[in-house]
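Reader: I would like to go through some of the terms used for this model. Please set each one against its definition.

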Amino acid sequence: MFAATANLFHGPWRCIAVGLALSFLPLSAAAQPLYAPLPVGKTLLTELGYYQVSYQSYDGAPVNMSPGWTGTFDTASGICYSPNEFAEGREAMLIHSPWRVPVGKTWVDYPVHFPAITPITLRFGIAMRADSLAPDKSDGATFSCALVEDTGTHELLRRHYAAAQWLDFSFDLAPYAGRDVTLRLQIEPGPANNPGWDYSYFSTPELLVGGQDAAPAGVKALRQSRAVQATAGANLAAAANRSEGGVYPSNLLEYRNSIQAAGKGFTFGYEGTDCRIVYTYAPDTGTLDDFTAAMDEGPVFQPALGGGVTAALAQDGGEELVFLRGGAARSVEQTRDGSLLEVIWEYPLGESTVAVTWRFGIRGKALTVQADCNQPVLSSLSLGTNGRVAFRKQFSVPYLLGTLYYLPAQGLFSCRYLDWTASHASQCPQGEAAYERTTAGARQALHESGYIAISPAVAEVLPNIPNPPSPYLAALGPRIMLDIWQHHNGTYAGDAENLRNLKDNGVDHLAIISHVWQRYGYDVKLPGHIPANPQFGGEEGMKEFGQAANECGYLWSLHENYIDLYPDAPSYDPAARVLREDGTPSPGWFNAGTGVQSFGLKCTRALGFARQNSPEIHARYGTTAAYLDVHTCVPPWHQVDHDPAEPLAAMALLKIQRDTELFQFERDTHGGPLFGEGNQHFFWAGRCDGVEAQVAGGEDHAPLLDFDLLKIHPQMVNHGMGYYERWFRRGYSHQWGLDTGTPEQVDKYRAQEIAYGHAGFIGAAQTDNVQWVAKEHHLMHPIQRLMNTAKVTSILYEVDGSLAPVGVALVANQRLRQHIQYDSGLKVWVNWAETPWAVEGHDLPQWGFLALGPDTEAMSVLRDGHIADYAVCPEFLFIDARTSFNMPYTESHKDATGRADFTAHLNPAGTWVDFGTVATNGSVKIDKGDHELTVFPYPRDEEFQVALNLSQIAGTPAIPLESVRISALAAATRALLGDVPHEMKEGRVIFSLGQNGVGCYRVQW
């Protein structure tokens, strides 16, 4: 099963960002319109720092969110403003109308000042997400755009649209040159007035002033800045994840922190050779608006505008959410050791007061924030956003739930995060915590800790993951993952045959997940699992599969699920269902095949069900690893239980505690690593040992390696880039042999794996494709040996022809070529760009790579104008002339029109590639032995030639070529079939492969 995007009203899980509504307050002076002065050239609306998100139910008053708010499905209203999405092949912003309150509209206002220059053009497209347009989902949305000024509102567009294709618009705004105006983008439901499933997108809107695109500003200045120069060459191992001490970021250089009284307030200082950063606190409002910040002599801004706490005030049988502001400080003083400033602030609330204890500190460049309140009346806490900045660029960070900002005027990156392992909230994505009620109407008392960080270096604002690292890094590091969903020849015995065949073809380092095996079928009558499903061979077949995996030396696991409770299960207990805030049972996965709706399983009951299944699974089949569905791909607030009879009711912390116990039980029971489903797995990194690393945006995502390599990579060994169906551009509607499965896509998937430091992955439909599996294994294993137990020391991107740190690459919008170094001595280059990249004497084509390390080379490069693959490590050599690749799925689409190019990245039959040590017009793996080599051909039944320089391969002085003997060995048995004729030419042994029934060839001397 998987965590698909949920229906907005119900579904298997919801990931919700909390918003702070200010309908009950006039906008503060800080939130009054400030008009961003537009430069000549192109400006994306998503780069504007002055903007206001608002919504209104048709029968209600307008509600303003906090200035600069972004969020996905606000808990109070359901609205969304997410500027860094990817939809239908484009970068896009998702705006969603309200649905948790009566139906209405959501809009975003962007105040800008147009220079007295023309032309001025506004451009954007509109589209719906494809999977939202089913008959029982969305009827489309009403998109509108307007220009607002003192003289009135001028509507530029109003269009109901219900298609998943982009419809583009361009508007001439030259008449407004030299004026202050507000641009408004707005979303409303379609004619049915139902906002459910209204995934409505604007492709990233842009304003073009002066008629031409301008180069990114500030790149040269940033590269030459004191801060970037000071950290140039710094060892990034200093920023590698440290699990102790919470989420607070690491620092690259030595530094000194200080907290000092300054007039009526305090300063929190960072001093290092790179820069000086000061946060200034002036206790005035009791909110985080009281902080300002600056680096060196740069512009002052508000790092936490809109930050603070919100209370739930009982009123007329309901609740009014009140953002707490005003009142007075009961005390403001430093702690005895001077490391924190403690502020006890008393706020007015109705006829009473609420006291919150704030503790502020500084670690490296991060302002630390703790908040406690023993009165259980607070509904949320926010760390705010960057305020009083005209421009701020937002970046999605692969594998991080949250947003990274760049403030051009300040030359700073910014990020904030709450510690989910310490929070008492129901949910706390990034810098927003929500405290939901139990079914009895009570809330937990507020307890939060987190940080707000600004730095010229991206690594210094990213959160650490407060989990211990996996103890299985060494065991998993060299292995690629075989992810079995479709049984070979339809049976477990067929799977066993496939494993033995892979081993016989030289595939030595595998980990395995087998998903579809449960007694009643996949996702049926859970949490019951055993015995093995008789449809595929039952108990005996599964035992045979386990025996084959163990004999081959592969780690292997079976799919288990202790998160979904099906009402038709023999073990069903309605008391084990998760309860929502309103007391109703929380729905889990809906099995469309059986028509049965599951319920969320209480995390306090999951271990009990696991004890009924996992030990018996291990005893019967001999598993050497574990797999749990869903748990690791969702945040800790997935299926939070609001039952007051449960400990820590309505707290995500209960899930963290109990799931951690479950994870360790699975490791201990199966005697090996725990695998899981990927997506938001960073919350569980280290508690889980490896997942299929699904990335938002799939094959089209914009690369940003640093969070994964610095924070997740030291914690676990992840594999792949997500299930193929979630990575392919066409998603689950893709068709092998028509639009997916090209050799170019295989290269693309592998290149992304290598860039992010992931292990190789063979997904559903290809696990018995021997040539595919073998090639992935032979190219990835040499790299993984030196990558997956090592820490990254450098991550650079090519910018304008030279290498630069990620901050420069982000500002320059040049991230398509990456160079990564590890403390194992491994150096990796990956080319995502269309044009070849000359590196270390090699030309890397698009999706090519080069990996160099001790006794190791691996590459996909251009060789005499042809793409070819080569790898060498202490165990073996591999070479592929790319003259064939097994793609049986193309046969069913032979005469189809509009097919993808299945010849790209392949070479014509007979193409000879020469890497000196070995040359061929086919593909071979060469295992090294004592005075012998074992040569595996791919495919076995196709004739081609290979030339071997034996002395270079063996690393010995010249080998007398007259002593060489080559023998053919039978497939499966390795029985001797006879000698193979060969010739000597230019110091190399040359012979032909492809004899019938031959599995491999032995070369002896």
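Reader: What makes Y51 and Y110 buried or exposed?

Author: Y51 is buried, and Y110 is buried too. Buried means under 20% relative accessible area, exposed means over 50%, and partly exposed lies in between, with a 1.4 Å probe and protein chains only. This is a predicted model, in which local features need pLDDT of at least 70, side-chain atom pairs count only at pLDDT 80 or more, and totals for chains, interfaces and linings use all residues. Residues are numbered from 1 along each chain as its sequence is written, and side-chain values use heavy atoms, with hydrogens and water left out.

Reader: How many aromatic pairs are there, and why is the pair of Y51 and Y110 called tilted?

Author: Rings of Phe, Tyr and Trp (its six-membered ring) pair if their centres lie within 6.5 Å; planes under 30 degrees apart count as stacked, over 60 as edge-to-face and the rest as tilted. The count by this rule is 49 aromatic pairs. The ring centres of Y51 and Y110 are 6.0 Å apart and their planes stand at 40 degrees, so this pair is tilted. It links distant parts of the chain, 59 residues apart: Y51 is in the loop between strand 2 (41–44) and strand 3 (52–57), and Y110 is in strand 7 (residues 104–113). Strands here are DSSP runs of E with at least two residues, and helices are runs of H or I with at least four, numbered from the N terminus.

Reader: How do you know that E692 has no salt bridge?

Author: A salt bridge needs a side-chain nitrogen of Lys or Arg within 4 Å of a carboxyl oxygen of Asp or Glu. For E692, which is buried, the nearest side chain of opposite charge is R726, 4.3 Å away, and there is no salt bridge. Lys and Arg count as positive, Asp and Glu as negative, while His and the chain ends are not counted.

Reader: Which backbone nitrogen does the side chain of E692 reach?

Author: That of Y723, at 3.3 Å. E692 itself lies in the loop between strand 40 (690–691) and helix 8 (706–712).

Reader: What makes strand 25 and strand 19 a pair?

Author: Two strands pair if DSSP finds at least two bridges between them. Strand 19 (residues 308–315) and strand 25 have four, in the antiparallel sense, and T310 has S380 in strand 25 as its bridge partner. Strand 25 is also joined to strand 30 (residues 432–434) by three bridges, again antiparallel. There L381 stands opposite A433.

Note on methods:
Polar contact = N/O pair within 3.5 Å; in protein donor to acceptor, adjacent residues only side chain to side chain.
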